[in-house]
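Here's a walk through one model, helix by helix and core by core. Have a look at the fold before reading on.

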Amino acid sequence: YRFRNDYRAASRRSQDQAGDLATAVEESVHGIRVIKAFGRGPHVYEGFNAQAKSLQETEITKAKTLASFLLTVVAVPETILGIGLVIGLAQVANGTLSVGSLVAYFAIAAVIAGPVEGMGMLLGMTLSTKTALDRHFEVMDSINDIASPAQPQIPAERDGSVKLEHVRFAYPDTAGTHRPILADINLEIRPGETMALVGITGSGKSTLLNLVPRLHEATAGKVLVHGQDVKDWDLEQLRAEIAVAFEDTTLFSTTIRGNVLLGAPEHLDERQREALLAEALDVAQAQFAYALPDGVDTLIGEEGLSLSGGQRQRIALARAIAARPSVLVLDDPLSALDVRTEELVTERLRDVLAGTTTLIVAHRPSTVMLADRVALLRDGRLDAVGSHTHLLSTNEHYRFVIASLDDEEQPATSEVSR
């Protein structure tokens with residue numbers, strides 16, 4: 001009982017520390033350029049060394065616990081056999097026990113002693129397995145707050161409309177209270193319309209985008225896609241209707257073809273998929289893919305780190321376009337592009353988005369110009385909705401936001417012009 005408790009605790013601590021150490025190594029590898037740029041190599045190494053030594057000490061404690069138990073499990077049977085041999089020989093000498101009986105006793109004892117001695121190692125392996133399973137089930141048994149309803153509904157008509165009715169969203173903070181990020185948002189994006197979300201940093205633009213594909217659950221109110229509350233949709237069907245491109249680009253360790261066609265309709269044949277791939281790369285100005293060693297079949301490495309930031313962002317945009325969605329959600333998808341490339345992408349996007357309902361976070365005036373209407377967010381609330389020209393002439397805060405976007409864009413523009 002004592003061994004079980006001590007060894008289980010040490011085994012769980014060892015696995016937790018090994019996981020933390022692996023995470024530290026992964027972060028260091030991904031952030032190697034930052035570490036080198038700031039000259040923090042020795043500091044990171046010291047942190048790694050401290051974690052490794054802590055894991056080493058835990059493993060030694062674990063080994064000592066197992067060794068002491070194995071010592072007991074092995075020593076007790078062997079000691080008893082030794083005592084039995086002395087007593088048996090004395091009884092044989094006195095004639096109270098036959099030699100055959102003594103041999104039979106030790107034959108049976110030897111057969112039993114082997115499994116008893118092996119029990120310690122097996123018990124240690126069992127406890128290690130149990131702690132690993134406990135870690136696994138802690139994750140698997142966690143409650144998923146966002147799931148498909150028991151009886152999902154199918155909208156009568158897929159008209160491409162998106163509507164938010166009295167939507168509120170808040171993250172619970174450490175004090176247990178809910179600080180609203182979005183408060184009473186009422187917004188309607190018409191079918192085929194491109195709506196730009198504009199606001200200063202922290203106004204809730206990206207959070208609002210995440211509510212449409214139900215990556216976050218609205219705290220209150222309704223988010224309607226094709227006129228149906230997203231909570232009534234089957235999640236897989238809902239997200240098949242919506243394509244997303246985030247500012248923080250995520251690519252997978254596969255080919256460019258595999259990344260771009262990740263969300264492409266499954267019913268397409270090979271010829272149609274190739275045509276879709278070519279169109280998506282053309283719209284996103286990602287023709288550089290054909291110049292890579294193996295063209296679009298080039299492996300781009302873990303998270304696409306073999307590509308530049310602008311190249312990764314264009315591949316992610318091509319992926320969203322190739323999904324052929326009825327609703328397109330873009331979180332500043334052109335931030336890493338130079339002005340000329342952004343202009344080319346914008347021109348092609350106007351044609352592609354003609355029949356697609358699009359909600360786009362804009363951090364550049366040129367992106368705002370892509371939209372039919374603009375929604376201005378201010379402190380988590382919808383401050384105004386209208387055309388770019390109308391808001392410029394009527395809303396002072398909108399003029400301030402657009403002016404700040406101009407200031408952010410100026411260094412990139414100056415660099416390109418030089």
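Lys130 and Asp134 sit four residues apart in helix 4, about one turn of the helix. Helices here are DSSP runs (H or I, at least four residues), numbered from the N terminus. These two side chains form a salt bridge, with the closest N and O atoms 3.3 Å apart; the term calls for a side-chain nitrogen of Lys or Arg within 4 Å of a carboxyl oxygen of Asp or Glu.

A word on the source: this is a predicted model, in which local features need pLDDT of at least 70 and side-chain atom pairs count only at pLDDT 80 or more, while totals for chains, interfaces and linings use all residues. Residues are numbered from 1 along each chain as its sequence is written, and side-chain values use heavy atoms, with hydrogens and water left out.

Helix 4 itself covers residues 99-140, which is 42 residues. From first C-alpha to last it reaches 61 Å, close to the 62 Å expected at 1.5 Å a residue (the expected span being 1.5 Å times one less than the number of residues). Still, there's a kink of about 35° centred on Met119, where the bend is the angle between axes fitted to the seven residues ending there and the seven starting there.

Which helices do the buried residues of helix 4 pack against? They pack against helix 1 (2-30) and helix 3 (41-94), with contact meaning heavy atoms within 4.5 Å. Among those buried residues are Ala109, Ala113, Gly120, Gly124 and Leu127. Buried means under 20% relative accessible area, exposed over 50%, and partly exposed in between (1.4 Å probe, protein chains only).

Back to the charges: the whole structure has 13 salt bridges. Side chains of opposite charge can pair when their charged atoms come close.

| Salt bridge | N to O distance |
|---|---|
| Glu138 and Arg12 | 3.0 Å |
| Arg135 and Asp16 | 2.3 Å |
| Lys130 and Asp134 | 3.3 Å |

Arg135 lies in helix 4 and Asp16 in helix 1, so this pair ties together parts that are 119 residues apart in sequence. Glu138 and Arg12 also link helix 4 to helix 1, in their case 126 residues apart. Arg12, Asp16, Arg135 and Glu138 are all linked in a network of salt bridges. As for accessibility, Glu138 is partly exposed at 49%, and Arg12 is partly exposed at 23%. Arg135, at 29%, is partly exposed, as is Asp16 at 28%.

## Cores and a buried loop residue

In soluble globular proteins, nonpolar side chains tend to be buried together. Here, the largest nonpolar core has 48 residues, and Val198, Val368 and Tyr398 are among those with the most contacts inside it. Such a core is a set of buried Ala, Val, Leu, Ile, Met, Phe, Trp, Tyr and Cys residues joined through side-chain atoms within 4.5 Å. Its largest share, six residues, comes from helix 9 (residues 309-322). Leaving aside residues up to four places away in sequence, Val198 touches residues including Val368, Leu376 and Tyr398. A second, separate core of 28 residues includes Leu164, Ala218, Val225 and Val327.

Leu376 is also touched by Asn395, a residue in the loop between helix 12 (388-394) and helix 13 (396-417). Is Asn395 buried or exposed? At 12% relative accessibility, Asn395 counts as buried. Its side chain makes a polar contact of 3.1 Å with that of Asp383 (a pair of N or O atoms within 3.5 Å; within protein, one must be able to donate a hydrogen and the other to accept it, and residues adjacent in sequence count only if both atoms are side-chain atoms).

Note on methods: Helix = DSSP H or I, 4+ residues; strand = E, 2+ residues; numbered from the N terminus.
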